[in-house]
Amino acid sequence: FFPEEDSAAVMSSIVAPEKPSSNTTAPKEVELILVKEQNGVQFTSTTLVAPAQTNPNGEEERETWGKKIDFLLSVIGFAVDLANVWRFPYLCYKNGGGAFLVPYLFFMVIAGMPLFYMELALGQYNREGAAGVWKICPIFKGVGFTVILISLYVGFYYNVIISWALFYLFSSFTSELPWVHCNNTWNSPNCSDWAENSSVSDIYKATPAQEYFERGVLHIQDSNGIEDLGRPRWQLTSCLAVVIILLYFSLWKGVKTSGKVVWITATMPYVVLTVLLLRGVTLPGAIDGIKAYLSVDFLRLCDAKVWIEAATQICFSLGVGFGVLIAFSSYNKFSNNCYRDAIITSSINSLTSFFSGFVVFSFLGYMSHKHNVALDKVARDGAGLVFVIYPEAIATLPGSSVWAVIFFIMLLTLGIDSAMGGMESVITGLIDEFKFLHKHRELFTLFIVVSTFLISLFCVTSGGMYVFTLLDHFAAGTSILFGVLIEAIGIAWFYGVDRFSDDIKEMIGQRPGRYWRLCWKFVSPCFLLFMVVVSFATFNPPNYGSYMFPPWANMLGWCLAMSSMAMVPLYAIYKLCTLPGRFCNRLAYAITPETEHHLIENGEVRTIFVFHWIDKLTASWVQDQNGLCLS
């Protein structure tokens, strides 16, 4: 008790732990509050305080998704992005129609799904972000930083696409859409309405929608190239700021908030796509467009380029290699069935790509019919499809403003949850690696989104499209294929497929089948190695229309790509240099799971036996009697 004083009342509180009983699930605390008043009478009160939940290691228990559906919607929302609408349908049309599904599904089964499953299981078992999961094989932690950097780089320009969609959305609240005619202040003498321009292939002519995007939105006419960017345009800067604010308040509290946001952002695109399809199929020429989309030309399968494009689409459409799947699954309950989740979400992603093709080509068929031109004159992929061709088609419909608002809301929701996934990969990966950031998640999230906003300002200048093109070409191309390759090698050949399968059995009660183990160990790494080689061999410098980037810009792009890939060897060297003992002991520590380092301290090292160059590689423990690391 306090000694008596003549001053006002003194208050203090003491926290005394209560001995846990045998049937308690977590320790409890008793808060004892002592109050001393002037008249000498003391009052006490006690309160049971629930401490933060801890795991057996004494660490704070990891946050989990509020509901299972929150996780599924988050993964679907991330994987289903703008590329599902603007890239897959065009690739399908260009590469043999329905025949393109043959190589697409083939690579989906042998590489896409196994890698998707692998990342979900890796994150769920280790309950860490992209860098922290590599406590299973510390020398490979560099690949975790590689994918974190890639996600950060992509955020620099991906948020700009969402800001374009937001700008178009605001512009759609008019009685007449601004990309209908050529009588606007931003139009050039080359502008020509579709009705007046019977030859849309004329390179000297531009449609109102094309000029609105390039001259009205981007103001690219005010720049002579990447060396002449100009100042950020306040309209796009304001839209970008709104996007950043949306991202921050979706992520600042972790998966408890982002898991609720995706109920809207992940489901809205399906509602809008269905509405647009129902409207699209009623338009003249729509059926011809859909027939062209599905037309089967099996002779195209003899072209190696078709198979390469199918493999590339699989690599990027599922979202492996960004660290997002690892981050999302790390918030699952330990016993969650990640195998079922992998099958469901990867299948939904591919079906969405296929379904969106019907929507896109119903409108492209309508445009082809309305202007009496061949379908290949209006069919394109990339930003030109969703910001030029599709708005142009919508502008010809009755009630065009309403349809434009619906369409750009869909683009906004498609982009925002994918951007949330990329940001979550960076935030989770870093706060799990640097534990002190856990207590400051809100501030750290603010730091990440503000930093991203500041870099993105380069993309909303008059010459910002050149910066955007450069980032899009280098940030997540070869580097992400390299990252997934190293990830697959680290798990399959160093940590071990059998050990990884045991981890999965511990979670879901059964080991993966032989098919999955073969894919992880042989098929997927070979597939990824092939893709990395092809990516280097078929590299073409970026361009925007007729503009070719100067050599220094290409060099800067390669530095960006190499900065993420370099994390793998740099961290491996750092790890080997900072570990104690002789080189053999250092190597043993570096390739051994951190939970088993005590075996090395007891004189045991991990060795690798190579029985045959393609037969198998197994890991075992032997006594280091001769000071040798390999035997």
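Modeller: The discussion below takes up confidence and then the annotated site. This is a predicted model, in which local features need pLDDT of at least 70, side-chain atom pairs count only at pLDDT 80 or more, and totals for chains, interfaces and linings use all residues. Residues are numbered from 1 along each chain as its sequence is written, and side-chain values use heavy atoms, with hydrogens and water left out.

Colleague: What is the mean pLDDT of the protein chain?

Modeller: The mean is 85, and 84% of the residues reach 70 or more; pLDDT is the predictor's confidence in each residue, from 0 to 100. Over residues 1-38, however, the pLDDT is below 50. Residues 42-58 also have pLDDT under 50.

Colleague: How many contacts does the model have for residues 42-58 beyond four places in sequence?

Modeller: There are 35, where contact means heavy atoms within 4.5 Å.

Colleague: Now the site: where does UniProt place the "binding site" feature?

Modeller: The unreviewed UniProt entry places this feature at G77, A79, V80, N84, S317, N349, L414, D417 and S418. These positions are spread over 342 residues of sequence, yet they cluster in space, with a largest C-alpha distance of 14.4 Å.

Colleague: Is G77 buried or exposed?

Modeller: G77 is buried, at 2% relative accessible area; buried means under 20%, exposed over 50%, and partly exposed in between (1.4 Å probe, protein chains only). Not counting residues up to four places away in sequence, G77 touches A266, L414, D417 and S418.

Colleague: And which residues is A79 in contact with?

Modeller: Leaving aside neighbours within four places in sequence, A79 contacts N84, S317, L318 and N349. A79 is buried, with 3% relative accessibility.

Methods:
UniProt positions are given in the numbering used here, feature names are shortened, and annotations may be inferred rather than shown by experiment.
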